[in-house]
Amino acid sequence: MTPAPHAEVEDLDRDDAVVAEGSDVALDDPHEVAELLEAAVEALSGRPREGQQRMAAVVAKALHDGEHALVQAGTGTGKSLGYLVPAVAHAARTGQRIVVSTATLALQRQVYTKDLPMVLDALEPVLGKRPGVALFKGRSNYLCVHRLGGGYPEPDDDRLFDVGPTSDLGREVARLHQWADETETGDRDDLVPGVSGRAWAQVSVSGRECLDSKCPMADECFSQRARKEATDARIVVTNHAVLGVQAASHDLLGEHDVLIVDEAHELVQRITSAATHELTVRGLDRAASAVRRCGRTTDDLDRAARAVDSALGDLTVGRLRRGLPEELAAAVELVRGAARTLLTEVAKTQEQAGAAAKMASAALTEIVDVCAELQGEEGRYVIWLAPPDGEYDEERPSRIVAAPLDVAGLIGHRLAEEKSAVFTSATLALGGGFDSIARHLGMDDPVTLDAGSPFDYGRQGILYVASHLPRPTQGGISEEAIEELVALVEAAGGRTLGLFSSHRAAQAATEALRERLDLPVLNQKDDQLPTLVKQFAEDPRACLFGSTSLWQGIDVPGATASLVVIDRIPFPRPDDPVSQARTEAVGAAGGNGFMAVSATHAALLMAQGAGRLIRSMDDRGVVAVLDSRLKTARYGGFLARSMPPLWGTTDREAVLGALRRLDDAACADGR
């Protein structure tokens, strides 16, 4: 399907939104869209906001016309209702099947257990129908009843762990067995408190390891039950990890007519991760062990594994720009041939070996697939050699990794083709426009809408660029930046969320502030993130410093986060193989590779990071960027336009004064 012609809808009015006049099935009257939205929002004792109304109208039109739409809806817009109300109405009127995807399991749970039921309750009296809904997750998120009953052999790695009844792992596994007798869903998210990944692995299986309909416990299977419910439902709530498999591997979701992607700014990375595979000697040895449990010999695969190990020993960590070196290529060919032969042999043991054969087949299939990628058409995949822990300061590689050069085609053709598709997030209009994100999502002339935000960013917040600081160096944080950070945090009285480009910089800043200020400074590596965020929110003087996961999803309104500090522009690592290759590919095609890849990556994170400051109508504060390039570099304007429109300044004393006044006001209010 070719998406509808580009239509700018920033100035959309009700008449512009009327579609398919006379339809007796679809939601085609913008007045009705507004009324349905009002009914849903009133259930929350509120009133629809202008941006929310415009968003709902555009989503309804996209669903009716089979269009592709990109909708930016800033914090506080009420984005979830903006797409759920027209989605529920569309499903009720047409009977079409709609898939809604969120970035994380936590967001998926919120939509499914809170937002969607509220919309259904509010709209059922109006629509006269209540579309069936279901939750869809990967199989590894559910207890495997067959494995709990001893139906699967234990991997060899489990022998390395103490799983006795008195060990921590043993106690967790025992609790899981007890919970299995109580749970109605088998869903890991329903287990409170949770357990470690090692413990959960003792009672679950991957999609490839699952016996599906051949399982003797299929009638009692939690995952099968959830999938049956999803097949029958009109609205299915899933997550980006499932979309990653859907795009890069095989169909999980079945036929559906509409796709709505929330937190769409994360989709490219999630699809890339899902389509990235690796070949390791350890993985080959584990596959061979699984095959031997089926009664088959593995001499050829064992020899191939040693050949890979030998070939890697002569190489160094880094990207392979011209494909596999000769010796390594020969070893990979040996691996592929041995694995394919064993797949045929293991299939003959399926009746006798059961789950053991399935586990062996899963391991072998993964090996065959990654070998095909490593040997595939040059340029389709980015290939590099990596050490065990993924750090690039070691010399000897142990992993051969392959990632797709481009995922726009996977998203555009495997996910969005021949269906209505709505992609929404608080950060899609990078540099003030949608062209960049549309290109990365494989969208050709989509309908676009910036629904705005109810917040008055220019009055509620300040964007301070410390333009007097020297250009930051790679990896760490300079003493000048530390001194600036100390002054800012001291003026704010704590109340700081520190977003750093590396764990090393976050740790250095944490240690420096703990020495120089009498304030509690939490570090991301101190504890589990939910625990740290709770401590941060409860202590008005606390600071929380970290990297990566702190840039997105942290929602702490109020004076606790009066200051958000960004230490440097978060460009990809210079030695990141995928970013390197994508930058070069854009340049070879005549484009600006730096702007298309590195600047776009940084813009998304800058927008998300700055978005941690203003989370409610009463919030006030400062986003401080300790990277002078935001002000001095040519690309600085692109990055700044991607961030919330805070009042900008480089006046250090004015900012310190503003922070002191905010601290005084918070103290006067007892915060």
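In this predicted model, the buried residues of helix H5 are Gln108, Val111, Asp115, Leu116, Met118, Val119, Leu120, Ala122, Leu123 and Leu127. Burial here denotes a relative accessible area under 20%. The helix spans residues 105–127 and bends by about 35° at Val111, a residue that itself belongs to the buried set. Directly after H5 comes Gly128, whose phi is positive, near 75°.

Taken along the principal axes, the box filled by the C-alpha atoms is roughly 75 × 65 × 60 Å. Of the 671 residues, 53% are buried. The accessible surface comes to about 29,300 Å², with carbon and sulfur atoms contributing 47% of that area. As for the contacts with a separation of 6 or more, 78% of them join residues 24 or more positions apart.

Among the strands, seven form an open sheet. Its order is E14-E15-E13-E16-E17-E12-E18, and the pairing is parallel. Strand E14 (521–523) and strand E18 (647–649) are the edges, each pairing on one side only. From one strand to the next, the twist averages 20°.

Within this sheet, the pairing of E13 with E16 can be followed at the residue level. Strand E13 covers residues 496–500 and strand E16 covers residues 563–566; the two pair in the parallel sense over 4 bridges.

Helix H27, formed by residues 652–668, packs on it and touches strand E12 (461–465), E16, strand E17 (621–625) and E18. The direction of H27 makes about 145° with that of E12. Helix H21, formed by residues 503–516, lies across E13, E14 and strand E15 (543–547). Relative to E14, H21 runs at about 160°.

Methods. Residues numbered from 1 in each chain as written. Predicted model: local features only at pLDDT ≥ 70, side-chain atom pairs only at ≥ 80, totals over all residues. Heavy atoms only, no water. Pairing = 2+ DSSP bridges. Axes fitted to C-alpha atoms, helices over the stretch in contact; angles between N-to-C directions. Contact = heavy atoms within 4.5 Å. Buried < 20%, exposed > 50% of the residue type's maximum accessible area, 1.4 Å probe, protein only. Areas by Shrake-Rupley, 256 points an atom, 1.4 Å probe, with all protein chains shown as cover. Bend = angle between axes of the 7 residues up to and from the residue.
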